[in-house]
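Please keep the sequence and the model in view while reading.

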Amino acid sequence: MEIKRQVSVLSLCLFLGVGILGCMLVQSGESQAEESGKVKWDRIEGVVVPGSAIGSLNVVAGVNSVGFSWTTTMGKASVNLQDEKVQFWVKGLVLAAQNPGGGPLVIGTPSPAVTAIKGTIVCNATDLFPFSNVVLVDTDSVPLSPQGDAQFQGKVNLPVVCDNLAFLIRVASPGPVFNQWIA
């Protein structure tokens with residue numbers, strides 16, 4: 001009985017020690033993020049569910065998605081809240097669905113209507129309808145290659161208060177899907 005109790009106490013101490021170490025690592029990671037003022041997104045995903053057949057679109061903070069599914073091979077984004085530098089890159093941003101009407105939208109390629117994209121920092125993204133506290137801050141537009149690759153590095157003008165951030169990639173080329181998000 002004494003051996004089991006010692007093992008149980010040892011297991012409990014080990015469990016608590018690992019938990020405390022984990023908490024210390026999480027806290028130090030959070031303070032580094034706060035000190036640097038940098039927000040990162042380690043993966044950029046295409047819009048998976050563009051909308052219903054009825055026509056309502058997948059909306060993020062008041063911004064509609066396009067009417068077709070998109071996918072990416074990889075991508076990342078970051079925003080420095082202190083110096084307002086933004087960078088993003090995406091590879092393989094292409095359509096993930098075929099046009100059911102057989103028109104020009106071909107799976108695995110960017111839409112012919114999307115030749116340029118822009119990054120959009122969404123401040124106060126958790127605000128609810130009517131999204132009156134949401135602020136959208138766009139990067140300059142960049143070309144989207146025929147393979148679905150694009151990158152941006154530059155500065156933006158963020159509002160004084162920019163909390164609960166989201167990052168979208170939106171269509172920057174004029175046309176029927178202008179300003180809608182695709183990733």
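How many bridges join strand β8 to β12, and do the two strands run parallel or antiparallel?

## Basis of the report

The model is predicted, so that local features need pLDDT of at least 70 and side-chain atom pairs count only at pLDDT 80 or more, while totals for chains, interfaces and linings use all residues. Residues are numbered from 1 along each chain as its sequence is written, and side-chain values use heavy atoms, with hydrogens and water left out.

## Strands β8 and β12

Strand β8, which covers residues 116–123, is joined to β12 by six bridges, and the two run antiparallel. Strands are DSSP runs of E with at least two residues, numbered from the N terminus, and two of them pair if DSSP finds at least two bridges between them.

Strand β12 spans residues 166–171 and is mostly covered, with six of its six residues buried; buried means under 20% relative accessible area, with a 1.4 Å probe and protein chains only.

## Aromatic pairs

The structure holds three aromatic pairs, where rings of Phe, Tyr and Trp (its six-membered ring) pair if their centres lie within 6.5 Å, and planes under 30 degrees apart count as stacked, over 60 as edge-to-face and the rest as tilted. One of them is formed by F88 and F152, whose ring centres are 5.9 Å apart and whose planes meet at 20°, so this pair is stacked. Because F88 lies in strand β6 (residues 85–91) and F152 in strand β11 (residues 150–155), the pair ties together parts that are 64 residues apart in sequence. F88 counts as buried at 2% relative accessibility, and F152 counts as buried at 9%.

F88 also pairs with F167, with ring centres 5.6 Å apart and planes at 55°, so that pair is tilted. It links distant parts of the chain, F88 in strand β6 and F167 in strand β12, 79 residues apart, and both residues are buried. W41, F88, F152 and F167 form one aromatic cluster.

## The disulfide

A search of the whole structure finds one disulfide, defined as a pair of cysteine sulfur atoms within 2.5 Å. The bond joins C123 to C162, with an S to S distance of 1.9 Å, and the torsion about the S-S bond is about -80°, so the disulfide is left-handed. The pair links distant parts of the chain, since C123 is in strand β8 and C162 is in the loop between β11 and β12, 39 residues apart. C123 is buried, with a relative accessible area of 0%, and C162 counts as buried at 9% relative accessibility.

Notes: Buried < 20%, exposed > 50% of the residue type's maximum accessible area, 1.4 Å probe, protein only. Helix = DSSP H or I, 4+ residues; strand = E, 2+ residues; numbered from the N terminus.
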